[in-house]
Amino acid sequence: MSLSLFLILCLNGLQYGVLLFLIAAGLTLVFGVMGFINLAHGVQYMVGAYLAFAYVQLTGSFMLAVFLSLGTALVFGLLLEYLVFRHLYGRSHLDQVLATFGIIIFLNELAKVLFGPATLTIAPPDFLSGSIQLTETLRYPVYRFATIVAGLAVALGLFFIVSYTRIGMLIRAGATTPEMVSALGVNIQRLFMIVFGVGAMLAGFAGVIAAPIFAIEPGMGDNILIVAFVVIIIGGIGSIGGAFVAALLVGLIDTLGRSLATTALSVVFDASFANQVGPALASMLIYILMATILVVRPKGLLPAKGVAP
Amino acid sequence: MNLTHMSAGLALSAALGTTAFAEDLKIGMVVTLSGPPAALGQQIVDGFQLALDEKGGMLGGQKVELIVEDDELKPDVALLKATSLVERDEVDFVVGTVFSNMLAAIFKPIVQSETFLISPNAGPSTFAGKNCNPYFFATSYQNNQNAEVSGMIANAQGFESIFAMVPNYQAGRDNMDGFKQTFEGTVTDEVFTPLGHQDFSAELARISTSDADALFTFMPGGMGVRLVKQFDNAGLSENMKFMSVFTTDETTLPGQQDAAVGFLAAGTWAPDMPNEANTAFVAAFEAKYGYIPGSYAMQAYDTASLIDSAVAKTGGDVSDKDAVRAALKEADFTSLRGDFAFNNNHYPVQDFQMLNVVKREDGKFHTSFVSTIVEDYADSFHQDCEM
């Protein structure tokens, strides 16, 4: 294992982490502020990717497609909130799970009807394609650097809004004591809607920037939703800071684990055993991490303020 | 009993009589038509339908009733659909499946009911050796063969070291073993990724530092699209060769596009195989369905031609199972691949080719025939088959 390979793995982990953060940020707020379990959050990620594909086909410009997709994802999130989720806030978690699971199935099928079952891709914009020569043998795609930068910029912006603005204050307050915020005369319904819309837009943004790296296909949001739940549990529900730290942690551990588990095992065991067990162990690592953190800090790494640690 | 009842009874027996003696040939099809792999099943339906349409809806002079069922890539669903095809619809032939695990699910009830099962794609080793069956035929290949031929291609290309990467499930391991069986150089790394893997960056980093001459992989469907795109994005295409099975084919190329051009693959057929029947098939298929057919469509078309030839030989009578089997075994049809014959285990003996990915003048992508690697290649399980 050379140093430069390790560096690349760290960059990849960071990039995956940033992507996870974009999805988890919305999920943790919706779950934390509203106590609402939204399984359909992963679908927003798929919607973002398909929107990007559609707009690239329509306009021919990736950058234009990014902004159009963001707008549409926001509107789409608000529409879902207005049509479906709004009526579920007062219901039990089981009802919420059922309804949002139904939305997953519906939207996955809709994507298939509209775009076909085949896997689609879009090309990154020209000025971001190509790769940078890191060392003699290692190259790193420019586009992945760009996603890291874009993700970190969004994280910074989100942190600023949540920490220093009035709406951010309300969100933080809503995450810990929603009844009190409502009693103080804040229109909690509108607050929910804003949080929901922004959350949907962030997940959509994750889908848009992921589209040129991964492929676009129906059901692409389902797996990443599970990892996003792991992230918000590790980070502490309702905590943006926690989601950020946890997302990077999960991204790095998952990426490094997948490369190093087999190698590490083959030092101790023989190669065929390592090949059998390594990949299985690697895919378990983040869940082991979650279980450990739940034992040591049941409220997560950085619980939202006011929640007993 | 009064007269009305009697006439009703007569009418009923007459109705039953007509169904029993109807000349219609009933063919059931079990393929995957939901989820991301639906594209593969759709190719099979389209390829078969094209053959039917060209023959005026008849095979072997018999009017065909085709019943298409979706197995949803779930063994229990496949079993249910297959059972109802043989028990309720009483079909004469079942054509299926796309995936080997679906074939394993439907195999027993179909062959036990003495209905002919013809696989247009799945060709597991399970039914090629001592579990071969008089009622089962495969018009595709035996699953291990493409990987074995990839090993031969690597030898022919003079690759000395190979980085091999497959998904961590049965078919992945089979392809890995098949490749190692024929490849004479060294395999520098064997990497097993999770099935449905999203981000290959970690693996690509390992590949780029491995100094291997080429990458051998088996990443069907969306995994292949992601791998090829990421392989190209990481700038690896300049330093090493990419060779694969079921990774760069007509179902994934619309997603991979330019990134896959020049990549090598092993197969039995490409849309530009130089023979008259094939040229006509590809042209007709594209005109009708608007996309370039892949090997799945070709195998389905061949399956229809096979049934056509067999039913014609028996004069339209499919009740004599031994006669139908003998007629099928002769494989007296023009395969789009060229030479085609059945081995003693009812798996094909056929030529395998080296293919590469090209961009056509109209901007569409397809695999292209380069050269024949091995002629009349039989699978390595047939000697265990006693039939």
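Predicted model: local features only at pLDDT ≥ 70, side-chain atom pairs only at ≥ 80, totals over all residues.

Let me begin with Val30(B), which stands opposite Gly96(B) in E4(B). Residues are numbered from 1 along each chain as its sequence is written, chains are lettered from A and ligands numbered from 1 in the order in which they are written, and side-chain values use heavy atoms, with hydrogens and water left out.

Now to the sheet, where helices (H or I, at least four residues) and strands (E, at least two) are DSSP runs numbered from the N terminus, and two strands pair if DSSP finds at least two bridges between them. In chain B, six strands form an open sheet in the order E2-E3-E1-E4-E5-E6, with mixed pairing, and the edge strands, each pairing on one side only, are E2 (58-59) and E6. Strand E1(B), residues 25-31, pairs in the parallel sense with E3(B), residues 62-70, over seven bridges, and here Gly28(B) stands opposite Ile67(B). E1(B) and E4(B) also pair in the parallel sense, over four bridges. Buried means under 20% relative accessible area, exposed over 50%, and partly exposed in between, with a 1.4 Å probe and protein chains only; six of the seven residues of E1(B) are buried, so this strand is largely enclosed by the rest of the structure.

Next, the aromatic rings. Rings of Phe, Tyr and Trp (its six-membered ring) pair if their centres lie within 6.5 Å, and planes under 30 degrees apart count as stacked, over 60 as edge-to-face and the rest as tilted. By this rule there are 37 aromatic pairs over all chains. In one of them, the ring centres of Phe116(B) and Tyr135(B) are 5.0 Å apart and the planes are at 45 degrees, so the pair is tilted. Because Phe116(B) lies in strand E5(B) (residues 116-119) and Tyr135(B) in the loop between E5 and strand E6 (136-138), the pair ties together parts that are 19 residues apart in sequence. Phe116(B) is buried, with a relative accessible area of 1%, and Tyr135(B) counts as buried at 10%. Ring pairs link both into a cluster whose members include Phe93(B) and Phe137(B).

Which residue has its charged end over the ring of Tyr135(B)? That is Arg325(B), 4.8 Å from the ring centre, where a charge sits over a ring if NZ of Lys or CZ of Arg is within 6 Å of the ring centre and within 35 degrees of the ring normal.

Arg325(B) brings us to helix H12(B), residues 321-330, whose buried residues are Val324(B), Arg325(B), Ala327(B) and Leu328(B). The face turned away from the buried side carries the exposed residues Asp322(B) and Glu330(B). The buried residues of H12(B) pack (contact means heavy atoms within 4.5 Å) against elements of chain B including E4, E5 and E6. After the helix comes Ala331(B), whose phi is positive, near 50 degrees.
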